[in-house]
Amino acid sequence: MLDQSEGYTTEDGRKIGGVVMEMKNITLRFGGVVAIKDISFDIREGEIRAIIGPNGAGKSSMLNVISGFYVPQEGEVLYNGKQRPQMKPFEVARQGIARTFQNIALFEGMSVLDNVMTGRLNKMKTNMFQQAIWKGKAEKEEVENREAVERVIDFLEIQNIRKTPVSRLPYGLKKRVELARALAAEPSLLLLDEPMAGMNVEEKEDMSRFILDVNDEFGTTIALIEHDMGVVMDLSDRVVVMDYGKKIGDGTPDEVRNNQAVIDAYLGVAHD
Amino acid sequence: MPDQLLFGTEVFLNGLMAGVLYALVALGFVLIYKASGIFNYAQGVMALFAALTLVGIMEGQVPFAHLINAALGTEVHHFGWHLPAFVGIVLTVIVMIVLAWLVNTLIMRHLVNQEPIILFMATIGLAYFMEGLGDLMWGADIKKLDVGLPQGINTLIDETTFNAFGYGFFIDNLDIWATVIAAILVVALMIFSQYTKQGRALRAVADDHQAALSVGISLNFIWVLVWSIAGFVALVAGIMWGAKSGVQFSLSLIALKALPVLMLGGFTSIPGAIVGGLIIGVGEKMFEFLIGPMVGGATENWFAYVLALLFLVFRPQGLFGEKIIERV
């Protein structure tokens, strides 16, 4: 079992730190439908945490709760050990939680570069008049931010499309641009909603590699939702399994794989 | 040069100047439409309201004077000051920002994610409300607006052209100023939208609300900002039209002239609004000049709309608007 107080060391020898985000007894209802029922789990510093489950299990809802798009009726969200008051999504983002979406949400009319630059909006402190006349601090700031963005663009290997309007890109690249935008914010917690949905094998491998590299190079804590079990098991350090809004498993990929409730949920079980 | 050609050139130039004013109004529409997908029917009334407020503040009129007098039995009409134009404009800008905040807080934020037609209806309501409010606050009489811009024939142009061609062009100083100010305004807006953080955020919001939220942009802030800018553009348009033909309630009807401009320029393009405005301005003056006499004149009333109709049939996205392509 994992040591719940101090963190742990992964199989490949990475040190995982303390709890960054803790979800406590979260319940989310839409009218009479219970999307999430009394779920608790935590995300630790530096780990790749997966949330898996069959369709309609409430995975995306969970991610939306973390990123502030949904407000749970019950339960607490603790961020860096402090209870988080009810917040708007943009306030959550300003706290250092970046995310991507299941159905890509990019600024289609803008270039790749501009899209990624929006990830750094909250890093800019000069006022609009300084920026408009492009003098002194504003100029320095823009250059710094631009450098940070170029690093992300290099890292994700999208240099050649940086001036291309996003609307012209194929699906797989759009997903990567969305990841770049999230990374540009230098998030302390990165949420990925099905980063590999709809991709072919090669694209999936690329994306997996990027996710691992991000975690490795920047030490970014990542929580992701994914359908592809093979991918999830390879990528993640710990896995939460959801089914019909309930948590049915939580642990390392091996533990989860051998969990009877999880096997039943995925393979189906005879009800008698 | 033959007289006819000279006269035509003069008409052309005056058409350009008139077009600038159309473009100014259209610009306000484009700004709000781009950022929030709302077709703001109230843009013309905002121009009227801004002009009324400016005159009221400069002349020291007591707002709601009739209401106050009727309710309290007093006889107050004037504060008794005359403010310089600059102070009046600054105060009016503040009023327009407060108005933007109120519009967003009381109306628009409650209608997020509603159908465009509902938002459109809301702005029609807003237009009538503001027209009534303007009347109640400042009275319904036609007011003279003088912000110190020179008016009347530009003698330099008149003399130069007279010496060169033997025919002096009549170009109104006010129109020249309007053109200069509109050009400055457009450049400022372009710089704002391309080079500032808020401009980038504004473009982001225009594109995708969810994505904007996820990078930490406050939608409410951006909407208030956009309505404030639209209010400012309305003020500039209001000053120009007001200085030209007095501040009167028919000013709100210029919103209708902005519609064909938008059909031509596209609803989402700032350069489109400018070019569209110029085409309509020049088009209706030249058409009146060339074709007007053959059909009995008064073509200025309908030319713009017929042109817009042709555009609707052959190029519905306008000259610069984004082409609508649905993937299947």
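Me: Is B:A18 buried or exposed?
Reply: This is a predicted model, so the answer rests on computed neighbours. Around B:A18 there are 23 C-beta neighbours inside 10 Å, and a residue is called buried from 20 or more such atoms. By that count B:A18 is buried.

Me: Which residues is B:A18 in contact with, leaving aside its neighbours within four places in sequence?
Reply: B:A18 lies in helix α1 of chain B, which covers residues 3–36. Once the neighbours within four places in sequence are set aside, the contacts of B:A18 are B:G281 and B:K285.

Me: How many helices are there in chain B?
Reply: Read from the N terminus on, the elements of chain B run α-α-α-α-α-α-α-α-α-α-α-α-α-α. Chain B has 0 strands, and its helices number 14.

Me: What is the radius of gyration of chain B?
Reply: The C-alpha trace of chain B spans about 70 × 60 × 40 Å along its principal axes, and 44% of its 328 residues count as buried. Among the contacts in chain B with a separation of 6 or more, 73% are between residues 24 or more positions apart. For 328 residues the globule rule gives 20 Å, and chain B comes close to this, so it is as compact as a globular protein of that length, with a radius of gyration of 21 Å.

Me: What percentage of the residues in chain A is buried?
Reply: Chain A has 10 helices and 12 strands. Its radius of gyration is close to the 19 Å that the globule rule gives for 272 residues, so chain A is as compact as a globular protein of that length. Along its principal axes the C-alpha trace spans about 70 × 40 × 40 Å, and the buried share of the 272 residues in chain A is 41%.

Me: Which helix gives the most to the side of domain 1 of chain A that touches domain 2 of chain A?
Reply: The domain assignment of chain A gives domain 1 as 1–96 + 189–272 and domain 2 as 112–186, and the centres of the two, taken over C-alpha atoms, are 27 Å apart. In the contact between them, 9 residues of domain 1 of chain A meet 8 residues of domain 2 of chain A. On the domain 1 side there are 6 nonpolar, 1 polar and 2 charged residues. The element that gives the most to that side, with 4 residues, is helix α7 (residues 201–218) of chain A.

Me: Which residue of chain B does A:A185 touch?
Reply: A:A185 is found in the loop between α6 and β9 (189–193) of chain A, and it is buried, with 26 other C-beta atoms within 10 Å. A:R120 is 65 residues away from A:A185 in sequence, yet the two are 5.2 Å apart, C-alpha to C-alpha. Not counting residues up to four places away in sequence, A:A185 touches A:A98, A:G119, A:R120 and A:N122, and from chain B, B:V215.

Me: Which helix supplies the largest share of the side of chain B that touches chain A?
Reply: The contact takes 26 residues from chain A and 20 residues from chain B, and those of chain B divide into 9 nonpolar, 6 polar and 5 charged. At least two residues each come from α7 (173–195), α8 (197–207) and α9 (209–214) of chain B. The largest share, 7 residues, is that of α8(B).

Technical notes:
Residues numbered from 1 in each chain as written. Chains lettered and ligands numbered in written order. Predicted model: local features only at pLDDT ≥ 70, side-chain atom pairs only at ≥ 80, totals over all residues. Domains from an automatic or database assignment. Contact = placed C-beta atoms within 7 Å. Nonpolar A, V, L, I, M, F, W, Y, C, P; charged D, E, K, R; others polar. Rg over C-alpha atoms; globule rule 2.2 N^0.38 Å. Buried ≥ 20, exposed ≤ 12 C-beta atoms within 10 Å, placed from the backbone.
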